[in-house]
Amino acid sequence: MNKLIKKLNNVSREKKKALILLVFSIAIAFVLLSTPFSPWKTKAQACWRTTIHNTATPITGGPNTAIQILPINGKNILLGIGMSNSRTTFNGLNYWLKKDSRINPSFKFVNGAQIGMAAEEWALSEQEWDVKYGTTKKSPWENLFGSILPQQNVTRTQVQALFVMVTNKKPTTSPTENANIFKANVERIFTRAETEFPNLKIAYLAGNYFGGYDLNQDLTPEPHDYFENLKLQEIQDTWLGKALVKASSTMIWTDGEIPRWDGLYLDCKHMLSDGVHINIDGGLWLGNWLRNSLKSDPTTSGWMFSL
């Protein structure tokens, strides 16, 4: 030990600084490599997911002809509603829509998705909301009509198309029972939407993308998200309101990093460290896929994308 101290004393000040910096860098690298979802890890190390694998089933049918939507006060409005994941996805979609050369100049997308507002929150009436949460916390509909739409200079009567992307958060029942609750929630959302938006012509529908990366498997677990997405076909086919419902062009569930029939997948690099929420790159990834899918959908011809 004395010999080591004597040797260190003989080292120049510059070399001491370099040695200290080297030791500090090694310590930082060790911490990063020991942290889950560290960017320093390889894909195989960083990706945690459930061992449940399901095959994404394509949704078929639904409206497949052009929808006549004409500008109201100069605008064709598509309103997106949902939760925090929806908000990030919709931001990505809007980014690509604004860059698309075929976008109709009269078209405008409004992102009305809100943090923490999942299917059950959007499904509650105002009376039910006040009973459950009191009057101090605003409902998603109150936020939508009180601030989001006014800030975008959009009125309820201008909304002719709706994009609903929701899931049931923290389900406590079995996957199949939860899927039935999800379906009931979505149908209540559509019923409310038809009342709030008198000129609504079509509603696009999506569930959550993939819950297998959820570290705790409690907020958006699998196979609950998978079974919710299976219900999209049933909701699309049985909804008998005045507005058409379509999920075949907007269903984004995929078995994580495993590509589905059309090549869509969701890698852990698209996720935040909790495995529940997508990051900005993930929003852009899904948003670009949605843009291309909607672009090839006959129901968007004319009013969203120019012929």
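This is a predicted model: local features need pLDDT of at least 70, side-chain atom pairs count only at pLDDT 80 or more; totals for chains, interfaces and linings use all residues.

Residues are numbered from 1 along each chain as its sequence is written, and side-chain values use heavy atoms, with hydrogens and water left out.

**Largest cavity**

- About 50 Å³ of space lies in the largest cavity, where a volume is the space filled by probe spheres set on grid points joined across faces, edges and corners.
- Its lining consists of A56, T57, Y226, N229, L230, M251 and W253; lining residues have an atom within 4 Å of a point.
- By class, this lining holds five nonpolar, two polar and no charged residues (Ala, Val, Leu, Ile, Met, Phe, Trp, Tyr, Cys and Pro count as nonpolar, Asp, Glu, Lys and Arg as charged, and the others, Gly among them, as polar).

- Seven of the seven residues of strand β1 (residues 76-82) are buried, that is, under 20% relative accessible area with a 1.4 Å probe, protein chains only; strands (E, at least two residues) and helices (H or I, at least four) are DSSP runs numbered from the N terminus.
- In a regular strand, side chains alternate between the two faces of the sheet.
- Both faces of β1 are covered, with N76, L78, G80 and G82 on one side and I77, L79 and I81 on the other.
- β1 pairs in the parallel sense with β2 (residues 107-111) over five bridges and with β3 (residues 159-165) over six bridges; pairing requires at least two DSSP bridges.
- L79 stands opposite V110 in β2 and opposite L162 in β3.

**Largest pocket**

- The largest pocket has a volume of about 190 Å³, a pocket being an open set with protein on both sides within 12 Å along at least five of seven lines.
- β2 gives the most to its lining, with five residues, and both α4 (residues 84-99) and β2 supply at least two.
- The lining comprises five nonpolar, four polar and two charged residues.

**Loop residue T250**

- T250 is found in the loop between β5 (244-246) and α10 (280-295).
- T250 counts as buried because its relative accessibility is 0%.
- The T250 side chain reaches the backbone oxygen of L205 at 2.6 Å.

Technical notes: Buried means under 20% relative accessible area, exposed over 50%, partly exposed in between (1.4 Å probe, protein chains only). A crossover is right-handed if, with the strands pointing away from the viewer, the path from the first strand over the helix to the second runs clockwise. On a 1 Å grid over the protein atoms alone, a cavity is a set of points where a 1.4 Å probe fits but cannot get out, and a pocket is an open set with protein on both sides within 12 Å along at least five of seven lines; lining residues have an atom within 4 Å of a point. A polar contact is a pair of N or O atoms within 3.5 Å; within protein, one must be able to donate a hydrogen and the other to accept it, and residues adjacent in sequence count only if both atoms are side-chain atoms.
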